[in-house]
Amino acid sequence: MLSKELNKNPVEGFSAGLIDDEDIYKWEVVIIGPQDTLFEGGFFKAYLTFPYDYPLRPPKMKFITEIWHPNVAKNGDVCISILHEPGEDKFGYEKPEERWLPIHTVETIMISVISMLADPNSDSPANVDAAKEWREDPNGEFKRKVARCVRKSQEMAFD
């Protein structure tokens, strides 16, 4: 399905693989916090769950490692355009071409998520508290909470 392509063209900053070789729809990914961001040095584990009609519909992504970010809900659900159902956005925030397209792969999803970590979108937050802190004082409370998540992720990385 997807892993052959990943092995041929590995992308820096994450690793991905099946949770269970018997189930091609459930993947575990580890994103390495991007350099020169508040998330640098972190190891953030997440699950990618693909629908049975993939690639017509997007997978869902959920961080298992605690992460404080405007575009990650407090329960870990990732909220970015590329993972939204294809078509028109009923709220008018996103253009159809920004949403899910069948050409997307694990690589393009991971590149988007890594980019999201480096450059949060606080206009359409999944975590309103994190978005408020990011907008008002990114080097204050927001930075402290992210640093705590990075430290916790490092401690749990080899569990």
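Reader: Which residues form one aromatic cluster with Trp 27?

Author: In this predicted model, Trp 27 belongs to an aromatic cluster.

Reader: Is the pair of rings of Tyr 54 and Trp 100 stacked, edge-to-face or tilted?

Author: The ring centres of Tyr 54 and Trp 100 are 5.9 Å apart, with the planes at 50°. Planes under 30 degrees apart would count as stacked and those over 60 as edge-to-face. The angle of 50° therefore makes this pair tilted.

Reader: How many residues apart are Tyr 54 and Trp 100?

Author: Tyr 54 is in the loop between β3 and β4, whereas Trp 100 is in the loop between β4 and α2. The pair thus links distant parts of the chain, and the separation is 46 residues.

Reader: Does Tyr 54 count as buried or exposed?

Author: Buried means under 20% relative accessible area. Trp 100, with a relative accessible area of 0%, is buried. Because the relative accessibility of Tyr 54 is 16%, this residue also counts as buried.

Reader: What is the angle between the planes of Phe 39 and Phe 44?

Author: The whole structure holds seven aromatic pairs. One of them joins Phe 39 and Phe 44, both of which are buried. Their rings are 6.0 Å centre to centre in an edge-to-face arrangement, and the angle between the planes is 75°.

Reader: Which element gives the most residues to the largest nonpolar core?

Author: The largest nonpolar core has 32 residues, and those touching the most other members include Ile 31, Met 61, Phe 63 and Val 113. The elements that give two or more residues to this core are β2 (26-32), β3 (43-49), β4, α2 and α4 (141-156). With seven residues, the element that gives the most is α2.

Reader: Which residues does Val 113 touch, not counting those up to four places away in sequence?

Author: Val 113 is one of the core residues that touch the most other members. Not counting residues up to four places away in sequence, Val 113 touches Ile 31, Met 61, Phe 63, Val 78 and Ile 80.

Reader: Where does UniProt place the feature "active site", and does that residue count as buried, partly exposed or exposed?

Author: The unreviewed UniProt entry places this feature at Cys 79, which is found in the loop between β4 (60-63) and α2 (106-118). Leaving aside neighbours within four places in sequence, Cys 79 is in contact with Asn 71, His 84 and Ala 126. Because its relative accessibility is 24%, Cys 79 counts as partly exposed.

Note on methods
Residues numbered from 1 in each chain as written. Predicted model: local features only at pLDDT ≥ 70, side-chain atom pairs only at ≥ 80, totals over all residues. Heavy atoms only, no water. UniProt positions renumbered as here; feature names shortened; annotations may be inferred. Helix = DSSP H or I, 4+ residues; strand = E, 2+ residues; numbered from the N terminus. Buried < 20%, exposed > 50% of the residue type's maximum accessible area, 1.4 Å probe, protein only. Contact = heavy atoms within 4.5 Å. Core = buried A, V, L, I, M, F, W, Y, C linked by side-chain atoms within 4.5 Å. Phe/Tyr/Trp six-rings, centres within 6.5 Å; stacked < 30°, edge-to-face > 60°.
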